[in-house]
Protein chains: 2
Amino acid sequence: MQNLSKMDILKSYLETKGLKSTSQRDYIADTFFKTNTHISLDELLKKVKRKTPNIGYATVYRTMKLLTECGLAIARQFGDGQTRYENLPDDGHHDHIICIKCSKICEFQNQKIEQLQAEAAKKLGFTVVNHKLELYGYCSECS
Amino acid sequence: MQNLSKMDILKSYLETKGLKSTSQRDYIADTFFKTNTHISLDELLKKVKRKTPNIGYATVYRTMKLLTECGLAIARQFGDGQTRYENLPDDGHHDHIICIKCSKICEFQNQKIEQLQAEAAKKLGFTVVNHKLELYGYCSECS
DNA sequence: TTGAAAATGAATATTATTATCATAAGCTAA
DNA sequence: TTAGCTTATGATAATAATATTCATTTTCAA
């Protein structure tokens, strides 16, 4: 079992909610944590079924709902009519800057921005567990 | 009829596509242009029906598809299972914070964050022209 | 070990989106 | 203006994804 820290976060979330740990949940979560794409429920179910064929769609659905609730997954829509789940990268770098001409993508992280986000959220009564920041512009070669 | 310039953009889009101008389309578009929220099809239909009760869901649906195609509306998903249409603000840009439990959406603006974004981009040799920032967390009622 | 609480999985229900089709309305040419 | 063709409309139906139900199984704390 990889992804120990993520699994720990999940376990502690379950505990605070009075929910139980099950082999299905663990296996679905672990499988998801190993993806680095935007995976749909059907795709994840297919992956999970390779090793545990009698797992049901509903369990995958409910597990992903849990992971989303505790900030370990981000549910996104890309316009194909399906919800896709994004796994957080381990190093926490999930800000992107994308060149609108050549499509080059760079990643960056800025602690100060994250701090300001948390403050802005607090003013509105929110507690941030996750964020998605995408900048669009021209890279050095295209500007 | 307000929103003349947006209406002009729509009219010229229709013309280039060989589509026709109708009173329903005009009224739906004008009603949408007057919103400053993330409106769903049902909500927009309800608004439109106040003055023109015999308008149909399908016409609203098709009109919003057109507006999206020509860039006058942005179709967004915030996780409540409904597509919501964002009217382009006249006064610029806003960011979103979304409750991952109840799907409440708040908007906020933060000049300082935008400034830091520009700085971070500059370090990577980029010039920012646009950005998308979404925070996910718990609202005051769900935390 | 036991029993209450929660999870599972198959199936069903619900909901939003998209397509269909008969009729109505807009547009162009004469 | 009108004839004739094209597109739009609105009611409804089809589709597809998501959410719920329920009988059974599993977990976990006492």
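Biologist: Which residues is B:His96 in contact with, leaving aside its neighbours within four places in sequence?

Modeller: Contact means heavy atoms within 4.5 Å. By that rule, B:His96 is in contact with residues including B:His38, B:Arg76, B:Phe78, B:Glu86 and B:Phe108. This is a predicted model, in which local features need pLDDT of at least 70 and side-chain atom pairs count only at pLDDT 80 or more, while totals for chains, interfaces and linings use all residues. Residues are numbered from 1 along each chain as its sequence is written, chains are lettered from A and ligands numbered from 1 in the order in which they are written, and side-chain values use heavy atoms, with hydrogens and water left out.

Biologist: Is B:His96 buried or exposed?

Modeller: Buried means under 20% relative accessible area, with a 1.4 Å probe and protein chains only. B:His96 counts as buried because its relative accessibility is 1%.

Biologist: Which side chain does a polar contact join to that of B:His96?

Modeller: A polar contact is a pair of N or O atoms within 3.5 Å; within protein, one must be able to donate a hydrogen and the other to accept it, and residues adjacent in sequence count only if both atoms are side-chain atoms. Here the partner is B:His38, at 2.7 Å.

Biologist: How many residues surround DNA strand C?

Modeller: A residue is near a strand if one of its heavy atoms lies within 4 Å of it. For DNA strand C there are 20 such residues, A:Arg25 and A:Arg62 being among the closest. The side chain of A:Arg25 has an N or O atom 2.6 Å from a phosphate oxygen of DNA strand C, whereas a polar side-chain atom of A:Arg62 lies 2.6 Å from a base nitrogen.

Conventions: Buried < 20%, exposed > 50% of the residue type's maximum accessible area, 1.4 Å probe, protein only.
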